[in-house]
Amino acid sequence: MKGFKTIAAYVFVVATLAAAQEPFEPLDFNVTEALFENGIDVTAIPDLAGLVIRSSLQGCSIACNSLKLVFGGSKVSSSPPVTYWSNQQSEVEPYCTFSPSSALEVSTLVLLARLTQCQFAVKSGGHAAFPGASSIEGGITVDLANMKERKLSADKKTIAVGPGNRWLDVYSFLTPYNLAVVGGRAASVGVGGLTLGGGISHHTNHYGLACDNIASYELVTASGVMISVSENSFPDLYWALRGGGNNFGIVTTFHYETLSQGLMFASKRNYAQDHVPALLDAFGNAVVGAERDTKLAHFVAVAYFSGMTIASTEFEYFTPFDVASPPEILKEYLGIPTLQASTRNMTLAETTPGLSETMPAGFRTTMWSQSFRLNVELMKRMSDLLFTNAPGIPCIAPSVTFQAFSKPALKAMQKKGGNALGLSPDDGPFFHALFYCSWTEAKDDKVVLKAAQNYINTSITFAKEMNAYNDYMYMPYSSPYQPVMSGYGADNVARLKAVSKKYDPSGVFHTLQPGYFKFDGAPYGTTI
Ligand SMILES: Cc1cc2nc3c(=O)[nH]c(=O)nc-3n(C[C@H](O)[C@H](O)[C@H](O)COP(=O)(O)OP(=O)(O)OC[C@H]3O[C@@H](n4cnc5c(N)ncnc54)[C@H](O)[C@@H]3O)c2cc1C
Ligand SMILES: *[C@@H]1O[C@H](CO)[C@@H](O)[C@H](O)[C@H]1NC(C)=O
Ligand SMILES: *[C@@H]1O[C@H](CO)[C@@H](O)[C@H](O)[C@H]1NC(C)=O
Ligand SMILES: *[C@@H]1O[C@H](CO)[C@@H](O)[C@H](O)[C@H]1NC(C)=O
């Protein structure tokens with residue numbers, strides 16, 4: 001069975017609806033008929049034929065059997081995907097894994113899930129750090145890994161990227177053209193989750209986040225309609241997709257705006273603990289310095305590893321330079337004595353394996369996120385707190401990484417109607433802390449998670465004392481015990497809810513796709 005409805009036909013249907021001022025999804029929307037338009041006659045599928053008259057008893061068994069019948073066994077498997085980053089995600093057992101290769105197949109999946117009331121989860125690169133984020137026990141895990149389109153537009157101003165790509169795939173493709181996009185910094189991370197949650201890049205000080213540099217999204221909505229979402233076509237949805245996560249549909253193609261990028265200056269450095277104060281001073285000055293020079297990306301991390309405390313940095317600058325005469329913004333940093341340093345001119349693609357190696361796949365993992373107003377004394381207290389608490393945490397290397405949302409980055413986030421994150425340039429600059437650690441034994445889960453939560457809670461207490469607290473949490477780094485959306489601000493949450501109601505009136509992406517960050521509360525609640 002093959003779908004006969006083309007994307008052009010869908011766009012036409014939607015344009016007609018808009019002209020008639022009708023609701024995006026009609027009140028009498030009929031899933032069976034929508035499936036028929038996708039080329040699926042439910043009366044011809046024995047399990048589904050029954051469903052037309054009686055309601056679902058064993059939804060996922062019916063859904064998975066139907067997917068197999070329609071798309072063949074090679075696209076439907078009874079095992080979970082093997083390419084998760086975190087072991088807690090790999091352990092989740094779906095009823096089946098469906099690996100679509102086109103937007104039409106994704107549309108059919110959404111409609112079949114609706115018809116059978118079988119829950120699903122969507123996976124791009126599978127780097128979300130907690131179970132249920134891109135996996136689902138007993139439901140359908142939709143693995144987008146086969147959707148690996150990479151295609152430059154004729155004028156090379158945008159690139160169409162399928163959600164099966166990892167960042168190394170994207171940058172390697174663009175290298176011969178001396179082009180790049182604003183995207184992730186680790187080779188193996190997927191384009192989907194990173195871009196939908198924001199997307200911190202080496203280029204963020206100049207261009208904003210990945211989500212701020214999207215020309216358009218091709219999206220499958222709750223009614224299985226395929227639309228192209230841009231600032232002009234569906235401005236409310238375009239805004240919501242810029243940071244709103246998996247709440248509005250399944251993105252089948254991201255059209256990223258390209259930028260010029262040849263070789264970059266790239267350096268990774270390690271330091272003894274006694275240089276942490278100097279590193280954090282340099283961090284603070286470089287964040288403010290971004291107002292004069294947006295070409296630098298930098299972070300400072302502190303970690304505790306087999307009885308040793310260590311600090312590390314990574315720097316990327318848009319253009320190579322002679323290290324003897326660095327740009328002003330890097331001078332203070334580069335003057336700090338290192339234990340170990342590697343410095344090289346590299347392509348953007350070549351910079352990416354480093355971070356994937358520092359944070360390898362195949363462990364139990366947790367990530368926690370919190371932003372604060374830029375305050376170097378607070379960062380010093382937070383790194384001391386890490387060094388104090390870390391020996392009691394049964395992780396391989398408890399760490400906290402400090403990154404910045406500089407003023408120019410915050411300004412770039414306001415382009416094209418702004419994003420959904422609720423970060424105002426007037427309140428910035430901000431710094432952001434990522435608590436991350438990995439371990440091996442499930443018996444240690446609770447102790448580690450509580451220690452991580454305690455670290456974040458204590459940091460928040462410090463910040464409140466110092467008038468440096470900011471409620472925003474960065475979704476791609478947040479734990480399921482954090483109410484991420486509340487940090488976007490009540491007005492933005494209300495706006496996101498309204499957009500959801502308009503394009504997904506029956507709440508498919510909340511009730512049938514329950515995983516990851518929804519509008520209210522923390523995915524697992526705040527009690528561990
Ligand atoms: C080693 C490492 C390095 C990292 N480096 C960076 C970095 O440099 N910058 C940064 O900003 N973040 C970084 N992160 C965080 C990263 O952005 C998140 O882990 C992100 O969720 C990964 O995206 P993914 O597609 O691989 O994840 P997935 O687990 O596949 O997806 C995460 C969520 O997004 C949803 N989703 C994914 N694709 C789609 C889609 N096409 N349509 C609808 N929903 C979708 C999923 O349903 C899921 O809920 C890093 C993480 C790791 C582990
Ligand atoms: C949906 O359409 C099918 C086929 O036309 C019909 O049999 C069914 O009764 C309709 N369902 C609803 C809920 O209206
Ligand atoms: C990087 O390129 C610059 C400019 O061409 C050059 O001066 C410098 O020596 C190179 N750096 C390294 C580490 O090779
Ligand atoms: C941290 O704060 C949250 C929210 O206020 C609370 O629910 C939780 O119990 C606290 N946890 C720890 C370990 O302090």
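Modeller: A polar side-chain atom of Tyr474 lies 2.5 Å from an oxygen atom of ligand 1. This is a predicted model, in which local features need pLDDT of at least 70 and side-chain atom pairs count only at pLDDT 80 or more, while totals for chains, interfaces and linings use all residues. Residues are numbered from 1 along each chain as its sequence is written, chains are lettered from A and ligands numbered from 1 in the order in which they are written, and side-chain values use heavy atoms, with hydrogens and water left out.

Biologist: What makes the approach of Tyr474 to ligand 1 a polar contact?

Modeller: A polar contact is a pair of N or O atoms within 3.5 Å; within protein, one must be able to donate a hydrogen and the other to accept it, and residues adjacent in sequence count only if both atoms are side-chain atoms. The distance for Tyr474 is 2.5 Å, so the pair qualifies. The side chain of Arg185 places an N or O atom 2.6 Å from an oxygen atom of ligand 1, and a polar backbone atom of Ala128 is 3.0 Å from an oxygen atom of this ligand.

Biologist: How much of the accessible area of ligand 1 does the protein cover?

Modeller: On its own, ligand 1 has 960 Å² of accessible area, and the protein covers 99% of that. Such areas come from the Shrake-Rupley method with a 1.4 Å probe; for residues, only the protein chains shown count as cover.

Biologist: Which residues surround ligand 1, and which element gives the most to its shell?

Modeller: The shell has 33 residues, the closest being Val122, Gly126, Ser134, Arg185 and Tyr474. A residue counts as near if one of its heavy atoms lies within 4 Å of the molecule or strand in question. Helix α8 gives the most, with 4 residues, and β3 (120–123), α8 (191–197) and β10 each supply at least two. Helices (H or I, at least four residues) and strands (E, at least two) are DSSP runs, numbered from the N terminus.

Biologist: What surrounds ligand 4, and which polar contacts does this ligand have?

Modeller: Lys450, Gln453, Asn454, Asn457 and Thr526 surround ligand 4. An N or O atom in the side chain of Asn457 is 2.4 Å from an oxygen atom of the ligand, a polar side-chain atom of Gln453 lies 2.9 Å from a nitrogen atom, and one of Thr526 lies 3.4 Å from an oxygen atom. The protein covers 48% of the 360 Å² of accessible area that ligand 4 has on its own.

Biologist: Why do Tyr217 and Phe254 count as buried?

Modeller: Buried means under 20% relative accessible area, exposed over 50%, and partly exposed in between (1.4 Å probe, protein chains only). Tyr217 has 0% and Phe254 has 1%, so both are buried.

Biologist: What makes Arg381 a charge over a ring?

Modeller: The definition requires NZ of Lys or CZ of Arg within 6 Å of the ring centre and within 35 degrees of the ring normal. Arg381 lies over the face of Phe462 at 3.9 Å from the ring centre. Lys123 lies over the face of Tyr84, at 5.8 Å.

Biologist: Why is Asn467 called exposed, and what is its phi?

Modeller: Its relative accessibility is 65%, so Asn467 counts as exposed. The residue has a positive phi of about 55° although it is not a glycine, and its place is the loop between α16 (445–465) and α17 (490–503). Most residues other than glycine have a negative phi, and most peptide bonds are trans.

Biologist: Which class does Lys156 fall into, and where is this residue found?

Modeller: At 38% relative accessibility, Lys156 is partly exposed. Lys156 is found in the loop between β5 (150–152) and β6 (158–161), with a positive phi of about 60°.
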